[in-house]
2 protein chains.
Amino acid sequence: MVRKNAINIEIEKVNFKTMVEVVEINLLEFLKNNSFRPGDILPSEVELATSLGVSRNVLREALSRLRMMGMVESKKRRGMVLSSPDILGAMERVMNPLIIGANTLKDIFEMRLTLEMGMTDILYIRKTKKDIDELEIIAQNEKAKRVDEVFRIKNEIDFHGKLYQMTGNVTMQRFSNLLMPVFGYIANLEKIPKISAVSHLDLVHLLRSGSREDFRKGMRTHLESHFAKLQKK
Amino acid sequence: MVRKNAINIEIEKVNFKTMVEVVEINLLEFLKNNSFRPGDILPSEVELATSLGVSRNVLREALSRLRMMGMVESKKRRGMVLSSPDILGAMERVMNPLIIGANTLKDIFEMRLTLEMGMTDILYIRKTKKDIDELEIIAQNEKAKRVDEVFRIKNEIDFHGKLYQMTGNVTMQRFSNLLMPVFGYIANLEKIPKISAVSHLDLVHLLRSGSREDFRKGMRTHLESHFAKLQKK
DNA sequence: TAACTTTGATATGTAGTACATAATTACTAT
DNA sequence: ATAGTAATTATGTACTACATATCAAAGTTA
């Protein structure tokens with residue numbers, strides 16, 4: 001390949017893809033274009049490799065990525081089958097606040113606030129007495145315990161985690177579990193004020209006998225310190 | 001290995017991990033335990049392979065996964081450096097409504113509703129006249145165009161996509177872009193009613209001169225048909 | 001004939017070798 | 001001292017080999 005000038009060189013470098021990356025893209029395209037569905041059996045590794053014109057090595061490195069996402073499962077002799085990917089699986093592995101960029105951390109924190117402000121409607125559709133009772137127990141526990149920093153964060157995670165669980169939306173719940181470490185990390189950095197005008201226990205009572213609007217406003221007040229911080233920037 | 005009974009066999013099968021999976025976990029642990037930070041240089045492939053007791057082949061299949069997440073970047077001779085992962089990258093690749101499980105699709109759809117109900121506060125912090133003007137143009141466009149099903153979905157995506165963009169949260173915006181195909185897919189299946197009590201244009205006006213509460217209620221009414229469907233189940 | 005056993009074939013999983021390529025370092029000659 | 005060149009090193013790709021699990025078919029026994 002001839003390199004004509006600096007600009008071309010730059011473009012080449014930016015656009016340069018290893019064969020593994022290319023094969024990964026081609027595989028995804030192949031599956032989409034041929035309308036593969038979960039349960040369908042893929043061609044064997046050697047077939048794929050030869051038809052893509054790469055070594056089995058490269059093909060397997062690309063397949064390894066699909067396997068990580070749960071999109072491909074394989075058994076010896078039976079071959080590979082396409083399956084429903086686990087859309088959060090990959091995220092769960094890399095969710096380490098220490099290596100994620102600061103901007104992304106901020107974004108994630110805001111998403112958590114957004115989800116909790118928006119969960120009211122679904123919460124009111126799915127809430128049960130049993131769940132509210134359990135939530136109340138969590139909220140009461142924190143009063144009993146020592147007002148320790150570590151415990152406080154744990155309580156915060158327990159309480160809000162229970163709320164997510166009450167939505168009956170397992171994907172949202174798992175997503176929130178990813179967000180929690182980030183919350184803990186930021187809470188630790190920023191030393192969030194210890195008291196809010198609306199406590200967890202207040203929220204429980206609102207959820208039990210208040211209107212949707214009441215609960216939403218309560219949640220907004222409960223999260224006020226976080227929103228105030230956003231406003232400053 | 002002795003197989004005592006059916007239960008043990010089952011347990012063995014569930015817990016069975018390939019060496020690639022084990023190495024992937026070990027690598028992530030290794031990086032976490034040794035406090036690697038973005039920019040740090042990893043040991044060479046041969047060093048890692050020998051220290052983990054596997055072939056370079058297996059190691060590279062595991063590394064390929066980290067590379068996919070953007071967690072590892074490598075240049076010839078220079079070696080591999082740890083970098084900030086792209087937490088949504090993997091999700092973007094597998095977000096194909098046709099292969100994602102029905103339950104997950106439902107969850108994703110609910111998350112979209114939750115985010116849009118919860119985005120009000122951040123929207124009011126970040127909104128600018130310029131953005132609202134642009135949003136209005138989008139809302140007006142849809143009146144001009146033919147009330148075609150395909151166009152309707154496109155408009156819906158344009159409008160709500162613009163809202164996400166207005167939050168200034170690129171992660172949330174990217175996330176919403178993932179949700180949109182799912183929305184389109186479900187909208188196509190369920191034949192969502194064409195008119196809502198609160199139109200896009202109404203929302204624009206609320207956002208421009210109404211209070212937070214006004215906008216939130218407007219959005220709730222705008223999404224009513226979706227919430228009504230949730231209630232039935 | 002039916003049930004069971006054995007054997008063979010096949011696809012994935014892992015290891016190892018080889019070599020190309022890019023980039024850094026060391027060396028050499030002027 | 002500096003420009004140019006050679007050696008070094010780590011990744012990227014290819015190929016071979018073989019172990020292992022599993023399915024299928026052939027063969028065997030009751």
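**Figure 1. Polar contacts between chain B and chain A.** In this predicted model, 20 residue pairs, both at pLDDT 80 or more, are in polar contact between chain B and chain A. A polar contact is a pair of N or O atoms within 3.5 Å; within protein, one must be able to donate a hydrogen and the other to accept it, and residues adjacent in sequence count only if both atoms are side-chain atoms.

**Figure 2. Extent of the contact.** About 5,400 Å² is buried between the two chains, 62% of it on carbon and sulfur atoms. Buried area is the accessible area (1.4 Å probe) lost on putting two parts together, summed over both.

**Figure 3. Salt bridges.** Eight salt bridges run between chain B and chain A (a side-chain nitrogen of Lys or Arg within 4 Å of a carboxyl oxygen of Asp or Glu). B:Glu61 pairs with A:Arg60 at 2.8 Å, N to O. Within chain A, A:Glu116 pairs with A:Arg112 at 2.9 Å, N to O. These two residues are four apart in helix 6 (residues 102-118), so about one helical turn separates them. Over all chains the structure holds 48 salt bridges.

Figure 4. Chain A has 13 helices and two strands (DSSP runs, H or I of at least four residues and E of at least two, numbered from the N terminus). An automatic or database assignment gives domain 1 (6-82) and domain 2 (91-232). Their centres, over C-alpha atoms, lie 40 Å apart. The C-alpha trace spans about 65 × 50 × 30 Å along its principal axes.

**Notes.** Residues are numbered from 1 along each chain as written, and chains are lettered from A in the order written. Local features need pLDDT of at least 70, side-chain atom pairs count only at pLDDT 80 or more, totals for chains, interfaces and linings use all residues, and side-chain values use heavy atoms, without hydrogens or water.
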